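Have the model open and follow along point by point.

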Amino acid sequence: MGAVEICHLYISPGHNFVGHHGREPDTHPMIEVPTIECVAGRGIRGDRYFDFKDDYKGQITFFSLDVFDQLCQVLGLRQLSPAAARRNVSVRGVDLNELIGQDFDVQGVRFHGTQECRPCYWMNRAIAPGAEEFLKGRGGLRAKILSDGKVRSDGDAIRIDARESLVASPFVRERAG
């Protein structure tokens, strides 16, 4: 497989859509940062999901910029920031669905992929009409944070070591840089 890049890191101080059904969304921005601090079992320090719920399955979210580019092309969107998807980590070069149910490392921080970050009807408002339907099955990855550490967005190729959490013999993916 090719190189995996971390292209953007985002945090937000508040929820725009969670808990807003039937009401207008809030206006908390996604703030791009060069580094995020991951805290095991709690989330990303400074993000809206930090200490959100005990054992929360979406302590951090990942989103594919390859999918984002396709979305923009199909919906005819120009000048749209990946921040519109409201995911924490934007990457290139990995099928995030392959990490569901697996433990994996990113820059020395350990994660467990829990499930697809399924798009909801708010995506049609946050991005554009048709976004929810387009993103079904490729809305990103929710994960739990298993170890403390920092992840940086510097464009460098990274190595992801992934293994199924219930399998004794791990497999390793090397990404060439």
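1. Start with R86, which is buried but has no salt bridge. Its nearest side chain of opposite charge is D47, 7.0 Å away. "Buried" here means under 20% relative accessible area, "exposed" means over 50%, and "partly exposed" is in between, with a 1.4 Å probe and protein chains only. A salt bridge is a side-chain nitrogen of Lys or Arg within 4 Å of a carboxyl oxygen of Asp or Glu. For charge, Lys and Arg count as positive and Asp and Glu as negative, while His and the chain ends are not counted. What the side chain of R86 does have is a polar contact with the side chain of S12, at 3.1 Å. That term stands for a pair of N or O atoms within 3.5 Å; within protein, one must be able to donate a hydrogen and the other to accept it, and residues adjacent in sequence count only if both atoms are side-chain atoms. R86 lies in the loop between helix 1 (65-75) and strand 6 (89-92). Helices (H or I, at least four residues) and strands (E, at least two) are DSSP runs, numbered from the N terminus.

2. Before you go further, a word on the ground rules. This is a predicted model, where local features need pLDDT of at least 70 and side-chain atom pairs count only at pLDDT 80 or more, though totals for chains, interfaces and linings use all residues. Residues are numbered from 1 along each chain as its sequence is written, and side-chain values use heavy atoms, with hydrogens and water left out.

3. Now the salt bridges: the count comes to 8. D47 turns up again here, paired with R48 at 3.0 Å, N to O. D47 is buried at 5% relative accessible area, and R48 is buried too, at 11%. In the pair R45 and E37, the closest N and O atoms are 3.2 Å apart. Here R45 is partly exposed at 41%, and E37 is partly exposed at 32%.

4. Which parts of the chain does the pair D55 and K144 tie together? Their closest N and O atoms are 2.9 Å apart. D55 sits in the loop between strand 4 (43-44) and strand 5 (60-64) and K144 in strand 9, so the bridge links parts that are 89 residues apart in sequence. D55 is exposed at 57%, whereas K144 is buried at 19%.

5. Have a look at helix 1 next. L65, V67, F68, L71 and C72 are buried in it. At the start of helix 1, a side-chain oxygen of S64 comes to within 3.1 Å of the backbone nitrogen of D66. Just after the helix, G76 has a positive phi of about 70 degrees.

6. On to the nonpolar cores, meaning sets of buried Ala, Val, Leu, Ile, Met, Phe, Trp, Tyr and Cys residues joined through side-chain atoms within 4.5 Å. The largest has 23 residues, and I36, I60, F62, F111 and V151 touch the most other members. Its largest share, 4 residues, comes from strand 1. Another core, of 15 residues, lies apart from it and has L65, L77, I127 and A131 among its members.

7. K150 lies in strand 10 and is exposed at 55%. Its C-alpha atom is 8.8 Å from that of V39, 111 residues apart along the chain. Leaving aside neighbours within four places in sequence, K150 is in contact (heavy atoms within 4.5 Å) with T35, I36, E37, Q107 and V109. S147 is placed in the loop between strand 9 (141-145) and strand 10 (149-152). The side chain of S147 reaches the backbone nitrogen of R110 at 2.8 Å.
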